Every structure is written in C-alpha cells, then in structure tokens.
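Please open the structure in your viewer and keep the selection panel at hand.

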Amino acid sequence: MAAEMLVVHELNKTFATPSGDVIALNRIGLQVKQGEFITIIGPSGCGKSTLLKIVAGLDTKYEGTVLVNGKPIDGPSIEKGFIFQEPRLFPWLTVEKNIAANLSLRKPEVRKRVDELIALVRLQGFERSYPRELSGGMAQRVAIARALLRSPDILLLDEPFGALDAFTRSHMQEVLLDIWQSNKTTMLFVTHDLDEAVFLGERVVIMNPRPGHIRSILPIDLPYPRKRAGHAFQELRHKVLNEFEKVEGPAVDEGAHI
Amino acid sequence: MIGSGGAESALRKAVKAKKKRTRSRFSIQTVNLLLSLLLPLGLLAVWQIAGMMGRLNPTLLPTPGLIVEEFVALTMSGELFYHLSVSSWRALLGFLLGGGIGLAAGLWVGFSYRAERLIDPSLQMLRTLPHLAVAPLFILWFGFDESSKILLIAKGAFFPLYVNTFLGIRSVDSKLFDVARVLQFSRWQMITKLVLPASLPNVLLGVRLSIGVAWLGLVVAEMMGSSSGIGFLINDARYLMITSVVFVGIIIFAVVGKLTDSLVKLLEKRLLRWQDSYKGEGVS
Ligand SMILES: Nc1ncnc2c1ncn2[C@@H]1O[C@H](COP(=O)(O)OP(=O)(O)OP(=O)(O)O)[C@@H](O)[C@H]1O
Ligand SMILES: [Mg+2]
C-alpha cells in the first residue's frame, strides 16, 4: 500500500465578511494516497477552490488538520503545483517566459522542457506572443504548461479545462492522464463537469454547499484508458449524478452527452 | 472549380475593400489634422492683418510676423540657445534629483507598511505646499544661486514620482502574488519579476508628470530672480517692454515641454507593449 500523501481531518474554514461569517468548509475529511487521482465535483460556491488553496498553502487560516507527506503545511512549495481557475499569466511576459517564469530560458534544459511543453499543450507558433493576444483557452494552456514544468509531486488543479473547447479539452485530459501515469503525480482535480470527473478520477469526491462539505466519495473502478460510451462508465456516471439529485436545484453541469 | 473561383474573387474583393478602408481612414486623419489647424491658422491670419492695419497696440500684442523675426534674431545671435541650454540643464538636474529621490522613496514606502506609516503622512502634508509659497524661503536659505533653483524644481519633481511609484506597487494584483508564491519566487524575484514590471505603467506616468512639474518649477525659479535661462529672458523682456521676446519665450517653453512629454510617451509605448488597455475607441 502506498503512503498517505495528503491527510485532511476535521477541516473547517470560515470567512469573516461584513455581512457576517460565511462557513466555506465544514468538517472536511479526506485521505489521498501517493499517486492517486482524485476528482472533486460540486456546485459553485461549495468551497472547492477554498479547499485547494488551503492544501496549496496559500491560505493558512483554518481549523483542523492538513498534512502533506505527514507534515503540517507551512506555505506553498514547489512539490505542490497549482493551476488556478483563471490563467493568471504575467501580462508583461511572452508565452515562453510565462512558462519559465523565474527559471531562465537560457539554461538549455529549461529551454528544452519549455519547448516540449509548448508542443504538448499545442501552442507552437505562439512562443513569443503576449497574453493579451491569446484566447482564454490558450492562456489556460500556458498556465497548465507553467505548472507542469516544475514536475510537482502533487498537482492541484482548479477547473483547469473549464475554458477549453471540447476537442482541446479531451486532448488535455489525455495529456494529464499520460503525465499522471508516467510521473506518478498525485492529482487533486476540481471540476464542474460530471463526465470529466468520472473519466479522470480513481475516486470522485462529491461536495455540497451551504456549508461546504463532502457528501460522499465514490470509487470509480474502471481501468484506464476509459471509454465514455461504455456501459460501465455510464452506470457510474449515473451513480454520481444520483448523489446530486438528492439535493434540490441544478447542481452540476450535466454535459451535452447522454 | 467554379465554386473555388468564386471564392477567390470574393477574397480579392475583400482585400480591395480593406485597402480602400485603410486609405479612407488615412484621408480622414488628414482631414482631421487640417480641421484642427483651421482655427489657430485663421486666428493667426486675423491677428497678423489686424496688426498690419494698426488696430493692435504693438507693445501689448506684436504681430506673428514680428514674433517670428524676433525668434530668428535671437537664434542667430545664439542668445536663445544659451538660455535654453541653461534652463534645460537646471530642469534636468532638478528632475533627476527630485525624481530620483521620489522614485526611491516611493519604492521604500511601497514595500514597507512601517515606512508608509512613518513618512507618508508628513510627505503628503508637504505636497500641498505651492511653489510660490516656498520659493522665498528657498532663496533665503540658499541664496540666488543655482542650488535654490534646482532644489525648487526638485521639490516639484519629487511628488508625482513618489505618489505614482507608491501607488503602482500597492496596486499589484494579489492574484499574481499567489502565483509567484506557488512558483516559489524568492524575495528578490518577487520585486524584480513581479512588483517592478507590474508597477512600471504607474512609474512611467510619474516620470511624465514629474517632468511637467519640473518645467513649471523652472519658470517660477527663473522668474524669481536669475540672470540666465528662458524664464529670465521672459522676465527681462517684460521689464524692457519687448513683448515679442516674451512671446518667443512662452512658445519655447510650450514646445520643449511638449517635446519631452512626447519622448516619454514614446518610451512608454515601447516598454508597455504588453499592455492591453482601452484605447479610447468604440464610445462616441
Ligand atoms: N476571500 C473570500 N472572502 C469571503 N468569502 C469567500 C472568499 N473566498 C470564498 N468565499 C466564500 O466561500 C465559499 C466557497 O468559495 P469557493 O471559491 O471555494 O467556491 P467554489 O466551490 O470554488 O466555487 P466555483 O465552482 O464557483 O469556483 C463561497 O460561498 C464564497 O462566497
Ligand atoms: Mg472555484
């Protein structure tokens, strides 16, 4: 059995706002093994981004226990890659310099890796473009390449493919699965998309809002590569969907495929 | 075949139309330029004619022709160049001194909350002091020589750069800070790779405003008392009632001020190529 990479226990997070306290996370508990692929799905405002930021070490004001590799978090570190919900590129840097950021492109090994990643996210020809010249989906792919360059042990992804078209999206899903399988990266992948959650995750964490909590965690016992059209896939998809129908209102993006 | 031929000719038409559009935009620009010149040129013509007909008092309002003659004479004698170089030198020194300290102070206060509480309130108080109010004091302290003038210019040039650098640093997007933290920027990289580029637009605005204020300070300083410089030229001519020289001096101030401003704007354009901001189109 692989070691626990991430342990979250009795995690509570409250935001103090002028209009009163907002409970963003309520008694979150989650254990993730080294090299596991976890997808987190839940409606807007259920605290998915908040949870990821706490694990990343960007937000240290919380109650409860969060351990990465058995140690409490003390701020961000290179082992924990983060892809934000928005691209967040540096507007004054070109695409290749955004990916390299604080690493020097003059180093041959950085140069080589950056070029590989640009090809991987299919942005050849845009190396020297500024972020203002990119579409939302292209900018997000730059952000993905930036995170991948650091080869993190654990990758935190906050709806990384939300701005991509269907084709690029499925290409990026394949790319991510490739990286996961070859690097044994632990993945914590937040999404709005039911289909994506079931396609990628070994376990799907289902969250509900007000206050944000984990409703259930469903294992997806399907071998990779998965076939969306397959009977088993559709069955599991319905199982996850059923978890949502227990709460009222439109919960998640059902997607166009049924 | 027929289909593709049709498409090709449609394409060609579109290209032609585009060419036409750029040409017509060019001519609109020319027309705009001519239109904007109509009023001043007309005014100059009326002024010249009225002067030649003896309707204007030449000591108060010399004709444009006379002013041009004066300009040529002052240029030929080398007087204009001498005074202009003295003035430019003063403005430059004052700007470098005041602007340099302003930039440094803005960086310091911008990066340190403690420094902000320590010195910003006092500086803000000094900022509201007008040039004319402190000029006599500067003269008392430093006499009529160069140092009082340069310090007066420096005082003016200090504040725009200080305020805008401070503001620029404090308005760096906190979301980008999070990115830099995740990527493990060192403290030094935070400053050089995030804060400084992000605040560059504000700093350059500060430079432009500082140069403008340096020119204003220069006029005050040279009018207060000096024996050289464009301000002196104006003041001396006013004393001797040679109004055409006053006009030449004013025009020189305006032209040089505009030129330096355009220079910084050019620099801005080059350094801020990455910026994606509203260019003032689409709202009529
Ligand atoms: N900085 C903040 N200050 C106050 N409240 C906040 C802050 N950030 C988040 N919240 C609140 O915490 C709750 C969870 O927010 P969070 O961004 O984690 O949601 P989310 O699940 O990521 O939603 P989405 O799918 O729309 O991105 C929301 O109710 C939000 O209003
Ligand atoms: Mg979110």
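Which strand and which helix of chain A each supply at least two residues of the shell around ligand 1? They are strand 1 (4-17) and helix 1 (48-56); helices (H or I, at least four residues) and strands (E, at least two) are DSSP runs, numbered from the N terminus.

The model is predicted, and local features need pLDDT of at least 70, side-chain atom pairs pLDDT 80 or more, while totals for chains, interfaces and linings use all residues. Residues are numbered from 1 along each chain as its sequence is written, chains are lettered from A and ligands numbered from 1 in the order in which they are written, and side-chain values use heavy atoms, without hydrogens and water.

Select ligand 1 and its surroundings. The shell has 13 residues, each with a heavy atom within 4 Å of the ligand. Helix 1 of chain A provides the largest share, three residues.

Next, display the polar contacts (pairs of N or O atoms within 3.5 Å). An oxygen atom of ligand 1 lies 2.8 Å from a polar side-chain atom of Lys48(A). A backbone N or O atom of Gly47(A) is 3.0 Å from an oxygen atom of the ligand, and for a polar backbone atom of Cys46(A) the distance is 3.2 Å.

Now select ligand 2, the magnesium ion. Ser49(A) (OG) and Gln85(A) (OE1) coordinate the ion at 1.9 to 2.4 Å; donors are N, O and S atoms within 2.8 Å of the metal (3.2 Å for Na, K and Ca), and sites may look incomplete because water is not among the atoms. Ser49(A) belongs to helix 1, whereas Gln85(A), 36 residues apart from it, sits in the loop between strand 6 (80-83) and helix 2 (95-100) of chain A.

Conventions
Polar contact = N/O pair within 3.5 Å; in protein donor to acceptor, adjacent residues only side chain to side chain.
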